[in-house]
Amino acid sequence: MNRQNWLKTLSVHAVLLTYTLIALFPILVILLNAFKERKAIFNDPLGLPSLTNLNFAGFEQVLLRSDFELYFANSLIVTVLSLFFVLLFGAMAAWALTEYKFRGGLLIAVLFAMGIMIPIRLGTVSILRLMVDLNLVNTLTALVLVYIAQGLPLAVYILSEFIRMVPKELKEAARCDNVSEYRIFFSIILPLIRPAMATVAVFTMIPIWNDLWFPLILAPGNETQTITLGVQQFIGQFITDWNSVLAALTLAIVPVLVLYLVFSRQLIRGLTAGAVK
């Protein structure tokens, strides 16, 4: 029996490891070749950078011939603001839907569920018309509003499940001590669901940072371009300069990897807690 469990565990880990290597292989190739000369890229694309082929010309091209700092700042602003409001509004909505019974609560829950099933891009034309009427085209505000609407359904669904796991005795004890509902939510509920909020943050952050669709439609101006749109246009101009292309992709990928590593522990805790439930 022990041998069967060992073989089963080994096979599962082998499958997961294989999938991880396949998923990380393109990123690894980009990171390795971004620091090598053009000749070394084609001669040995899987080789590590060495002192003989180390080259930072691509990064110099990206930083000097594009507004990369502006693109990075725009993406950072949009991502941070969107995450903040998605987590805040998502937690508040999840708390209201799980803790209180009121008329229309089921309808609101169904609408959030539909938001998960129906891609927001299907409403691009209506969203564009709305932003034109509000005079928000070519503003970061338009992107933040869209990403909040995009991330809220999943946030409400995940956080609702975790809020239901909070013991009722804890909340009732706080109410017996005349603790306000706002304080219960911000001082008791939010700290207890931090793993779930980290999970929501990761699943929300990556699509926002990597999105090209809405920045191209709602904010294509030079002052409002995000890093994905800016890098895409840069690649179009320097398509034959592989050092610059790979350097631009590296600069766009690294922030997401860093943020993922920061939240990875909380993400695993959140997924594990959900699996146990």
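The structure holds six salt bridges, a salt bridge being a side-chain nitrogen of Lys or Arg within 4 Å of a carboxyl oxygen of Asp or Glu. Keep in mind that this is a predicted model, where local features need pLDDT of at least 70, side-chain atom pairs count only at pLDDT 80 or more, and totals for chains, interfaces and linings use all residues. Residues are numbered from 1 along each chain as its sequence is written, and side-chain values use heavy atoms, with hydrogens and water left out.

| Salt bridge | Distance |
|---|---|
| R121 and D211 | 3.0 Å |
| R164 and E161 | 3.0 Å |
| E181 and R175 | 2.7 Å |

R121 and D211 form a salt bridge that links distant parts of the chain, 90 residues apart: R121 is in the loop between α5 (105-117) and α6 (124-133), and D211 is in the loop between α10 (194-210) and α11 (213-218). Helices here are DSSP runs (H or I, at least four residues), numbered from the N terminus. D211 counts as buried at 4% relative accessibility, while R121 is partly exposed at 45%; buried means under 20% relative accessible area, exposed over 50%, and partly exposed in between, using a 1.4 Å probe and protein chains only.

E161 is partly exposed, at 27%.

Salt bridges that share partners join E99, K171, E172, R175 and E181 into one network.

Searching the whole structure turns up two cavities of 30 Å³ or more. A cavity is a set of points on a 1 Å grid over the protein atoms alone where a 1.4 Å probe fits but cannot get out, and lining residues have an atom within 4 Å of a point. Grid points are joined across faces, edges and corners, and the volume is the space filled by probe spheres set on the points.

The largest cavity has about 40 Å³ of space, and D211 turns up again in its lining, along with S75, V78, T79, Y147, I208, W209 and T226. α4 gives the most to this lining, with three residues.

The second largest cavity comes to about 30 Å³. α12 (227-237) gives the most to its lining, with three residues.

How values were computed. Helix = DSSP H or I, 4+ residues; strand = E, 2+ residues; numbered from the N terminus. 1 Å grid on protein atoms, 1.4 Å probe; cavity = no way out; pocket = protein on both sides within 12 Å on 5 of 7 lines; lining within 4 Å.
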